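User: Hi! Could you walk me through how this model is put together?

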Amino acid sequence: MKKLLLALLMVAILGFSAFAGNMTVGLSVSTLNNPFFVILRDGAIEQSKILEVELVVMDAQNDPAKQVSDIEDLIQQKVDVILLNPTDADALVPAVEEANIAGIPLLTIDRSVSGGDVALHIASDNVKGGEMAAAYTVEQLGEKGVVVELEGITGASAARERGEGFDTYIAKFSGIKLAAKQTADFDRAKGMSVMENILQAQPKIDAIFAQNDEMALGAIQAIKAANRQGEMFVVGFDAVPDALDAVKAGDMKATVAQQPWMMGVLGVMNGYLVVNGVELGVEFIPVPLKLILE
Amino acid sequence: MKNSRLQDIIRQYGILIGLAGLMIVFSVLSERFFTISNMLIVLRQTSIVAFLAFGMTFVIIGAGIDLSVGSVLAFSGAVGAGVMQGGNVFLGILAGLAMGAVLGFFSGLVITKLRIPAFIATLAMMAIARGGTLVYTDGRPITGLPSTFAFLGRGYISRIPFPIILMMTVFFIAYIILKLTRFGRYVYATGGNINAARASGIKVQNIIIANFTISGLLSGLSGIILASRLNSAQPTAGLGYELDAIAAVVLGGTNLFGGEGELWGTLVGAFIMGILNNGLNMLNVSSFYQQVVKGIVILIAVTVAQSGKK
């Protein structure tokens with residue numbers, strides 16, 4: 001946090017004095033068909049205005065191949081720095097290497113890449129988020145109960161990591177039984193239909209962990225329709241506005257909050273510093289997670 | 001008389017006029033667009049969809065449609081990458097190509113022997129191959145591929161990216177097959193009028209099976225090249241690419257109902273799709289509008305092409 005404040009302070013000083021001129025920042029987002037990344041982008045836009053840099057935003061639409069092309073296009077445009085929110089850790093390595101060859105510094109946001117030279121990684125720890133949700137669930141259940149997990153898009157890193165954090169944590173408690181674990185593709189409608197099926201199959205459920213809020217909100221609809229809301233509680237992930245309302249209304253027990261706005265802001269800010277030759281001294285800036293309760 | 005000749009010219013070469021128009025617009029609006037390095041990048045980006053579209057051209061001229069190419073791409077790439085992890089790049093490439101060809105051959109069999117419409121048969125294959133990919137990869141990307149494999153997607157032969165050379169090679173082979181062989185003529189005949197073709201002694205079922213096998217094989221090739229470009233086989237690779245491939249074929253002037261079409265048109269069509277993606281990126285057009293623009297361009301192109309028809 002201290003480093004963060006320091007960085008903010010530096011930007012404030014530098015921003016008003018030393019560097020004028022037109023810097024271009026390229027931001028390649030995994031998908032804008034998800035409020036989380038839209039907020040991230042908006043944070044980046046806001047910070048670009050403050051720093052008076054030009055921001056070029058590209059949307060990979062969750063396709064690693066398109067994202068590689070987007071990065072190539074950014075390199076052709078000769079942007080000064082690239083902020084990459086990768087669709088996949090391995091698939092983007094060749095693109096990162098191309099940026100390295102072109103001498104354009106590259107920062108990763110929210111998700112990492114498995115190779116190439118990255119100037120800085122800015123993210124929340126999804127595994128830790130899964131653990132937080134698990135710890136809260138286990139505590140609420142008094143270390144005993146039947147748990148259901150709704151998984152995100154099979155193969156997506158966020159789904160893998162959140163699941164890993166949650167599963168590893170609850171495995172430590174013999175009283176907790178993971179009765180069902182099904183994918184609902186991070187989608188609200190699928191969250192509802194998958195939950196309907198699980199409710200049919202499972203006579204007793206104490207808690208549901210959904211790897212994102214959209215699925216959690218869908219599951220809540222299914223639980224209400226089955227009139228079983230007194231029996232179980234739901235924990236989500238992402239803290240999107242609808243989920244915050246649901247937590248306030250008591251429909252959702254808790255949600256793990258990331259701070260996408262902060263990610264976008266930090267991305268542009270640190271990109272700005274890197275281009276201006278500031279030695280950051282760190283390779284990773286963690287964006288804190290927090291558990292939102294009613 | 002003169003009017004109809006003009007219409008003929010528009011129909012045949014309208015796509016080239018469209019391409020030139022797009023190039024001029026983008027060149028004027030962005031100074032970085034019309035450079036050798038950027039054009040090479042566009043061509044390399046185009047190659048993935050171009051392979052799919054070449055195969056799709058055979059299928060569509062033969063009055064079929066192949067919705068499975070994106071999924072077959074993913075499955076072939078995954079199987080190729082999986083085999084390659086054993087260390088043998090060549091064997092992996094062969095496995096990927098074979099996987100694609102077998103899946104295409106199977107679609108062809110279902111269409112001809114079970115008399116299921118191509119739309120339905122390949123829709124089923126789209127689901128089967130995507131599901132198969134997820135089962136095979138367990139939903140995770142396959143990584144740790146041998147470093148020599150990188151050449152296919154990322155290598156250069158005297159400054160020309162290898163995928164471009166491969167794309168042109170495949171183009172010429174496919175062009176020769178379609179234009180200069182008896183098989184090629186039979187493809188046109190089958191798509192033009194299947195009953196007439198059958199009556200004149202063409203084994204139309206074999207032609208259709210061959211078309212889908214070619215489409216599968218080229219989808220496999222595309223999957224291998226994409227895996228090399230991405231340094232990994234992605235379970236979600238090629239999602240929605242069937243539509244890009246069909247759009248490239250239709251942009252290129254091939255009749256969706258079969259019987260007529262040109263492979264060079266498909267090549268230009270695929271290039272136009274690539275130019276649009278790249279040019280709109282260069283102009284920093286919001287990605288939401290990019291999709292709208294792409295849709296409108298396709299509509300205009302097809303409208304122009306149809307206006308040339310009687």
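**Helix packing, sheet and interface**

Analyst: Happy to. In chain A, α3(A) and α4(A) are roughly parallel to each other, a label for angles under 35 degrees, with over 145 counting as roughly antiparallel, 65 to 115 as roughly perpendicular and the rest as oblique. The model is predicted: local features need pLDDT of at least 70, side-chain atom pairs count only at pLDDT 80 or more, and totals for chains, interfaces and linings use all residues. Residues are numbered from 1 along each chain as its sequence is written, while chains are lettered from A and ligands numbered from 1 in the order in which they are written.

User: At what angle do helix α3 and helix α4 of chain A pack?

Analyst: Helices here are DSSP runs of H or I with at least four residues, and strands are E runs of at least two, numbered from the N terminus. Axes are lines fitted to C-alpha atoms, for helices over the stretch in contact, and angles run from 0 to 180 degrees between N-to-C directions. For α3 (residues 64-76) and α4 (residues 93-102) of chain A, the axes lie 9 Å apart and the angle is about 10°.

User: Which residues of α4(A) make the contact with α3(A)?

Analyst: Contact requires C-beta atoms, placed from the backbone, within 7 Å. On α3(A) the partners are A:Val68, A:Ile71, A:Glu72 and A:Ile75, and α4(A) brings A:Pro94, A:Ala95, A:Glu98, A:Ala99 and A:Ala102.

User: Which strands stand at the edges of the six-strand open sheet of chain A?

Analyst: Strands pair if DSSP finds at least two bridges between them. The order in chain A is β2-β1-β3-β4-β5-β11, with parallel pairing. Each edge strand has a single partner, so one side of each is left without a neighbour in the sheet; these are β2 and β11 (284-286) of chain A.

User: Which element gives the largest share of the side of chain A that touches chain B?

Analyst: The contact takes 22 residues from chain A and 28 residues from chain B. The elements of chain A giving two or more residues are β2 (54-59), α3 and α4. The largest share, eight residues, comes from α3(A).

How values were computed:
Contact = placed C-beta atoms within 7 Å.
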